[in-house]
Structure formats: C-alpha cells, structure tokens
Amino acid sequence: MEILVLVKRVPATDSQIKPAADGKSYDPAGLEFVLNPYDEHAVEEALKTKAAKEGTVTVLTVGGKEAQKDLRTCLAMGADKAVLLDPGQEFDGKSLSEALAAKVKELAPEIVFCGKQSVDNDDAQIGPRLAGLLAWSCLTDAASLEIGDGTWTGQRDIEGAKEVVEGKLPAVISCSKGLNEPRYPNLKGIMAAKKKPLEEGSAELGAPALTVIALTPPPARPEPTIVGEGPDAVDALMDKLKNEAKVL
Amino acid sequence: MSRYTGVDFYNLDALFTEEELMVRDSIRQWVSDRFLPLVNEHYRAGTFPMELVPEMGELGIFGPTLPDYGGAGMNNLCYGLILQELERGDSGLRSFVSVQGSLCIYPIHAYGSEEQKEKYLPGMIAGKLIGCFGLTEPDFGSNPGGMITKAVDDGDSYILNGAKMWITNGGLCDLAVVWAKLDGRIRGFIVENGTDGFSTRDQHGKFSLRASVTSELILEDCRIPKSHILPQVEGLKGPLGCLTQARYGIAWGAIGAAQAVYHECLDYSLSRVQFSKPIAGYQLVQNKLVWMLNEITKAQFLCWRLGNMKDDGSMDFSQVSMAKRNNVWMALECARLGRDMLGANGVTDEYSVMRHMCNLESVITYEGTHDIHTLILGHKITGIPAYD
Ligand SMILES: Cc1cc2nc3c(=O)[nH]c(=O)nc-3n(C[C@H](O)[C@H](O)[C@H](O)COP(=O)(O)OP(=O)(O)OC[C@H]3O[C@@H](n4cnc5c(N)ncnc54)[C@H](O)[C@@H]3O)c2cc1C
Ligand SMILES: Cc1cc2nc3c(=O)[nH]c(=O)nc-3n(C[C@H](O)[C@H](O)[C@H](O)COP(=O)(O)OP(=O)(O)OC[C@H]3O[C@@H](n4cnc5c(N)ncnc54)[C@H](O)[C@@H]3O)c2cc1C
C-alpha cells in the first residue's frame with residue numbers, strides 16, 4: 001500500500017510568538033521549530049499501517065530548506081522517502097491544498113495521513129480540503145483507525161460521545177493525539193535516514209482565497225488583584241466573580 | 001518549569017552534524033517523557049526502573065558505537081551526547097547504560113571469543129541480557145591491581161573465589177564480567193547469574209545514586225566453563241581499557257547533570273521573589289549562575305574535542321582523565337551552588353538539584369576518584385608515579 005504523510009515545521013508550542021515588522025506574519029527569529037505534534041501521530045499511524053499492509057511511506061512537506069531537518073526526523077522514525085516542495089510564496093489553506101492535491105495525483109497513494117491541524121495557525125483545513133479536491137473519503141480528528149480491504153473504520157471523539165464511521169479507500173485521515181503513541185527516532189533509524197531519498201521540487205500553489213490583514217499579540221493580562229486572605233476574603237471574591245468578572 | 005532546551009552559550013550546536021543533534025534530541029525527549037516522571041518514585045525506593053529497559057534497547061543506546069551484533073555503528077560524539085542526555089535525567093540512568101555498554105559489552109567485544117560475542121552481544125545490545133562489572137573489592141578500590149579474587153584452573157573449568165563490592169547492576173544482572181587473578185595475572189571471566197557459587201547481595205543505605213542498584217558479588221567455589229575466560233587480554237590493562245570507555249561517557253554525562261541543574265536554577269531564580277525582586281536580580285545569585293554557565297561551556301568544549309580525538313583514534317587515556325576529573329567536579333560544584341539557590345525548596349525532591357548533587361558524590365568517586373585522576377595526570381606530565 002502506498003502511504004503518504006503530510007507534515008509541517010511549526011514553532012514549538014511554548015514559543016512566544018512576536019509579530020514581524022509587516023504586522024501580518026510572525027517573526028521567526030529566536031523561535032525553536034519542531035515537527036507539528038499532530039503530524040507525529042500521522043507518521044506513527046502511517047508506519048503502523050505499513051507494518052500491517054506493507055508498501056512504502058512517503059512524507060511530504062511544503063516549506064523552506066530548513067524543513068529538511070523535520071523530514072529527516074520522519075525518515076529516522078521509519079518513513080521510506082521524503083519530498084520537500086518549496087512554496088516560493090505565502091499560502092493559505094486553499095492554495096496549499098490545491099498544490100497538495102496535484103502532488104497526490106502524481107504520487108498516487110491509497111491513503112494520506114496528516115495531523116488534524118498544525119499548531120501554528122490552527123486552520124485545520126488541509127485534510128478535509130484535500131479530500132474534497134480529490135473526492136476521497138475523509139476521517140477528521142481520528143482517535144482510532146482500522147484499515148480493511150479497500151475500506152476503513154475509524155472513531156472520532158466528539159463532544160460527549162464517540163462516533164464510529166466507515167468509508168472507502170482512498171482516504172485522507174487527519175490524526176489526533178489519542179490515535180497512537182508516536183515512536184522516538186531510534187539510533188539505527190537515524191543512521192538509516194541518511195541514506196534515504198529526499199526529493200526537492202516546487203509546490204504548484206493555487207490562488208489563495210484569504211489574505212491576512214493583521215497579526216497582533218493577545219492583549220496583555222491585567223495585573224491580578226488580591227482581594228484578601230483566608231475565609232474572610234470569600235465574600236469579596238464571590239462578589240467580584242459575580243459582578244465584575246460575571247463568570248458565576 | 002520551562003521546557004528543557006539544554007545550554008549552548010557558544011553555539012556549539014554548529015559543530016555537530018544534523019544526525020548528532022537528532023540523536024541528542026531524540027534521547028532528550030525520551031528522558032523527559034519516559035524517565036523523569038518515574039525518577040522520584042525509584043529514587044525514594046532505591047530501585048532502578050527496569051520497566052524502561054526494553055525501550056532503551058529499542059532506542060539502541062546499549063553499545064551504540066558497535067557496527068555489528070545489532071549495534072547502530074554511531075560515532076563517539078553521538079555516544080557522548082546520548083550519555084549527556086541520560087545523565088540530565090539521573091546519574092543512575094547513565095550509570096546503568098555505562099555499565100552495560102562500556103563495562104560489559106565493550107570487554108566482550110574487545111577481548112572476547114567469537115563464541116562469546118555471538119552468545120551475549122545481541123541480547124545485551126537489545127537490553128534482554130543485563131551485565132555488571134566486578135572489579136572493586138572491599139579492600140581494593142583505587143588500587144584494583146591488588147585484588148585478591150582468584151581463579152584456579154581445574155580441568156575443563158575455572159573455580160572462582162572472592163568478593164566484589166559496589167557493583168552497579170549486580171543484583172539485576174544476567175551475567176557478570178568479573179576480574180580475578182589466575183596464576184597471579186588479572187584475567188576477565190564471564191559468570192552467568194544462576195551459576196552455583198555465585199550470589200549477590202544488594203547494598204543499602206546509600207544517600208547517593210539511589211535510582212541505581214549497587215551490590216556485592218560473592219564467589220564461593222564458583223565453577224565456570226573454561227570457555228568463559230576473556231581470551232584476548234591479560235593484566236590490569238583489561239579492566240583499565242574498559243574504564244577509559246566508561247570515563248569518556250561520564251565526562252559527557254556530567255555535563256548533562258550540570259545542565260539540568262543550571263536550567264532549574266535559572267528558572268527558579270527568575271520566578272522567586274525575595275525583598276523587592278526576583279533573586280536572579282541580585283549580584284550574588286548572578287555570580288552563581290555565571291559560574292555555572294562558564295564551567296558548563298568549558299566542559300562542553302573539552303568533551304567535543306575529546307570525542308573527535310576518540311573518533312580519529314588519537315585520544316589518550318590521560319586526556320579522558322582530565323575530562324572526567326574536570327567535568328564531574330564542575331557538575332558537583334554546580335549542584336552544590338544550585339542547591340543553595342533554591343533555598344528550602346532545594347532540599348526536596350520536587351526539584352532535581354539535590355538528587356543530582358547527591359548522585360555526583362558517587363560519580364566523583366567511582367571510575368577513579370577525583371584525586372586518582374590528579375595522580376594519573378601528574379604521572380603523565382612528570383613521568384613520576386605518585387600513587388604509592
Ligand atoms: C554507587 C557506586 C557504584 C559503583 N559501581 C562500581 C561497579 O559497577 N564496578 C566496580 O568495580 N566498582 C564500582 N564502584 C566502586 C568504585 O569504583 C570505587 O568506590 C572507587 O574506585 C574508589 O575506591 P574505594 O571506594 O575503595 O575508595 P579508596 O580507594 O579507599 O579511596 C578513599 C580515598 O582515598 C583516596 N586515595 C586512594 N589512594 C590514594 C593515593 N594513592 N593517594 C592519594 N589519595 C588516595 C581516594 O582518592 C579517596 O579520596 C562503585 C562505587 C559507587 C559509590
Ligand atoms: C529543613 C528545614 C527546616 C526549617 N525550619 C524552619 C523553622 O522551624 N522555622 C522557620 O521559620 N523556618 C524554617 N525553615 C526555613 C528557612 O529558614 C528558610 O528556608 C531560609 O530562611 C531561606 O529561605 P527560603 O527557603 O525562602 O530561600 P530564599 O530566601 O528564597 O533564598 C533562595 C536563594 O536566594 C538567595 N537570596 C535571597 N535573597 C537574596 C539577596 N537579597 N541577595 C542575594 N541572594 C539572595 C539565598 O541566599 C538563597 O541562595 C526551615 C528550612 C528547612 C530547609
């Protein structure tokens with residue numbers, strides 16, 4: 001089974017994001033970048049699928065040269081090959097998913113795994129948009145997955161319930177944290193990753209549908225007020241919660 | 001606490017390959033996710049988290065420099081970075097891996113017969129067979145050449161008698177590499193746990209390295225097949241060759257412990273307010289932090305250079321002595337300073353600094369005490385041995 005995984009390099013989740021001078025994008029200076037945490041689950045699920053069904057796992061990212069490092073991490077985890085597509089310009093969910101759809105048609109996998117969202121802009125668009133463009137079935141926010149013969153059965157955690165769904169292959173699966181426990185790249189995997197192919201090309205981006213107008217940091221938190229100490233302070237606190245914060 | 005990112009004041013990362021950094025980061029993540037949540041429980045109980053050993057085998061950290069028998073064939077910089085990250089977790093974790101790799105897998109690989117290598121190495125590298133290294137005796141620590149454990153030739157077997165003490169992993173082992181005198185010459189023997197006449201007794205009451213099992217090995221008319229002698233080495237150079245390997249790893253490991261301490265102290269001092277401001281804003285506190293950063297950075301350069309020399313074959317054991325001596329000392333000093341910086345909190349196990357401080361008291365003693373390394377270096381530069 002040919003398996004494709006979509007991954008992205010993102011700032012670590014504990015980063016302090018600062019807007020860049022243009023006021024529309026973030027300033028990458030001083031940030032630490034990591035493989036999008038949900039994508040680790042996508043890679044893991046792809047590797048498990050390969051173990052069960054054989055085939056090859058290709059990881060693909062649209063990004064700059066520095067994303068080679070993240071692709072190598074995926075190769076060290078056990079993926080077979082990697083593709084790095086240079087976007088050459090800014091993109092949004094629409095233009096990116098069009099570029100991905102074009103590449104998916106060329107690579108012709110039977111299943112595509114991606115993270116349910118990338119933690120940089122949290123759009124959560126790529127999986128469903130890609131499935132839409134390809135007219136494939138799509139499981140979003142997958143919490144478990146079983147692949148059969150030409151079909152799949154998956155589970156999603158929805159508000160207050162679990163939903164079990166099934167669909168036909170080919171499919172796009174967007175992966176959530178409960179799906180699996182991503183493996184650590186082991187030393188042999190890291191040694192082997194050096195020798196695996198990493199192909200570079202450019203992304204055929206479509207026209208974007210969105211324009212970012214402004215990126216601003218969240219408003220600074222107001223200074224905390226201490227209303228008092230011990231049991232005596234309870235009334236004053238209740239009053240503030242009810243009448244000022246209006247949370248009760 | 002903020003996420004652990006290591007210490008790299010001089011952009012040393014630029015001197016490592018992407019692959020070396022990936023090894024470091026992978027082990028760092030594993031230590032954060034898998035080991036640190038367990039450490040206090042084991043430290044209090046005086047046990048080692050054996051439940052992690054299969055994962056450690058899977059990661060490939062036992063004997064990672066070997067190109068055969070299941071080893072990953074990594075260079076020595078990678079090996080050093082692995083041990084640095086393990087000791088960032090706890091010296092007991094690093095000790096486990098040093099003993100398994102440098103003190104057991106190494107001598108079997110370097111001095112063993114083909115049959116011994118095939119029998120033991122794949123299982124040891126996979127973490128399915130645990131080894132220990134029996135050199136120290138109750139009356140012979142810094143002077144192992146004086147050992148009294150004896151092997152006697154008896155037809156198709158050897159009979160071992162004696163006692164070894166302070167043996168890391170002794171009570172956990174499947175096999176012991178035991179050094180004993182055969183006709184007055186030091187030789188290495190592989191003793192499988194379960195052999196008649198071989199027993200272990202765990203040593204209790206340690207204030208240090210509590211997440212590591214330390215035991216006595218007792219050999220009473222212990223009969224082992226002749227094929228269990230390590231054929232390729234005789235004399236003190238056998239165990240000393242192993243110690244050079246292990247000391248190399250300890251020099252790196254100590255940097256990890258120091259970095260853990262520095263990270264915790266910097267974080268703490270930035271958030272702990274006394275008098276009018278965070279204590280990080282006082283000159284005395286900054287002096288301590290700067291001392292740590294300064295010493296860690298120097299230690300990193302020693303190890304980086306040492307690793308390159310080990311890889312190109314030019315490393316001398318006395319250079320390893322310098323790195324072990326300096327780095328463990330500096331880590332222990334960092335931990336002592338750091339313990340103080342955390343005030344009363346620093347004496348609890350909610351923070352790691354006192355655990356590291358206590359551990360490093362063992363690390364500065366084993367694998368050649370600080371002073372013995374001074375004598376090794378003194379011997380090297382003057383040509384005059386001052387041990388006796
Ligand atoms: C937790 C732990 C784990 C250990 N694990 C192992 C293991 O797995 N295998 C193993 O074989 N051993 C192990 N050891 C033993 C360790 O290697 C010895 O403790 C070490 O070699 C020191 O020996 P000693 O304790 O007998 O001290 P001694 O040799 O008695 O030294 C006591 C003091 O005298 C000093 N001294 C000794 N000789 C001289 C001299 N000539 N000039 C000046 N000063 C001198 C020393 O520097 C030290 O300060 C372990 C020890 C500990 C604490
Ligand atoms: C086992 C134990 C028993 C205790 N028993 C008692 C008790 O019975 N009764 C009681 O009242 N207290 C007790 N204490 C508390 C003890 O007195 C305090 O821990 C001590 O005063 C230090 O305060 P702290 O822990 O808040 O550290 P901090 O004051 O936060 O100090 C942290 C670090 O910052 C340094 N520092 C602080 N201010 C400055 C400055 N201006 N310039 C430079 N450096 C600075 C300190 O030297 C230290 O290195 C006990 C503590 C322990 C550990």
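**Exercise 1. Describe the contact between chain A and chain B in this predicted model.**

Step 1. Count the residues on each side. Chain A brings 14 residues to the contact, and chain B brings 17 residues.

Step 2. Find the helices involved on chain A. Helix H2 (68-77) and helix H5 (187-193) of chain A each supply at least two residues of the side that touches chain B.

Step 3. Sort that side of chain A by class. Six residues are nonpolar, two are polar and six are charged.

**Exercise 2. Work out what surrounds ligand 1 and where the ligand lies.**

Step 1. Count the shell. 19 residues surround ligand 1. The closest are B:Leu135, B:Thr136, B:Gly141, B:Ser142 and B:Thr369.

Step 2. Name the elements. Strand S1 (131-134), strand S3 (157-168) and helix H10 (370-382) of chain B give two or more residues to the shell. S3(B) gives the most, with three residues.

Step 3. Sort the shell by class. Nine residues are nonpolar, nine are polar and one is charged.

Step 4. Domain 2 (131-228) and domain 3 (237-382) of chain B both give residues to the shell, so ligand 1 lies between them.

**Exercise 3. Decide how compact chain B is for its length.**

Step 1. List its elements. Chain B has 10 helices and nine strands.

Step 2. Compare the radius of gyration with the globule rule. The radius of chain B is 21 Å, close to the 21 Å that the rule gives for 388 residues. Chain B is therefore as compact as a globular protein of that length.

Step 3. Along the principal axes, the C-alpha atoms of chain B fill roughly 80 × 45 × 40 Å.

Step 4. Look inside. Buried residues make up 51% of the 388 residues in chain B.

Step 5. Look at contacts along the sequence. Take the contacts in chain B with a separation of 6 or more: 75% of them link residues 24 or more positions apart.

Notes. Residues numbered from 1 in each chain as written. Chains lettered and ligands numbered in written order. Predicted model: local features only at pLDDT ≥ 70, side-chain atom pairs only at ≥ 80, totals over all residues. Contact = placed C-beta atoms within 7 Å. Helix = DSSP H or I, 4+ residues; strand = E, 2+ residues; numbered from the N terminus. Nonpolar A, V, L, I, M, F, W, Y, C, P; charged D, E, K, R; others polar. Near = placed C-beta within 6 Å. Domains from an automatic or database assignment. Rg over C-alpha atoms; globule rule 2.2 N^0.38 Å. Buried ≥ 20, exposed ≤ 12 C-beta atoms within 10 Å, placed from the backbone.
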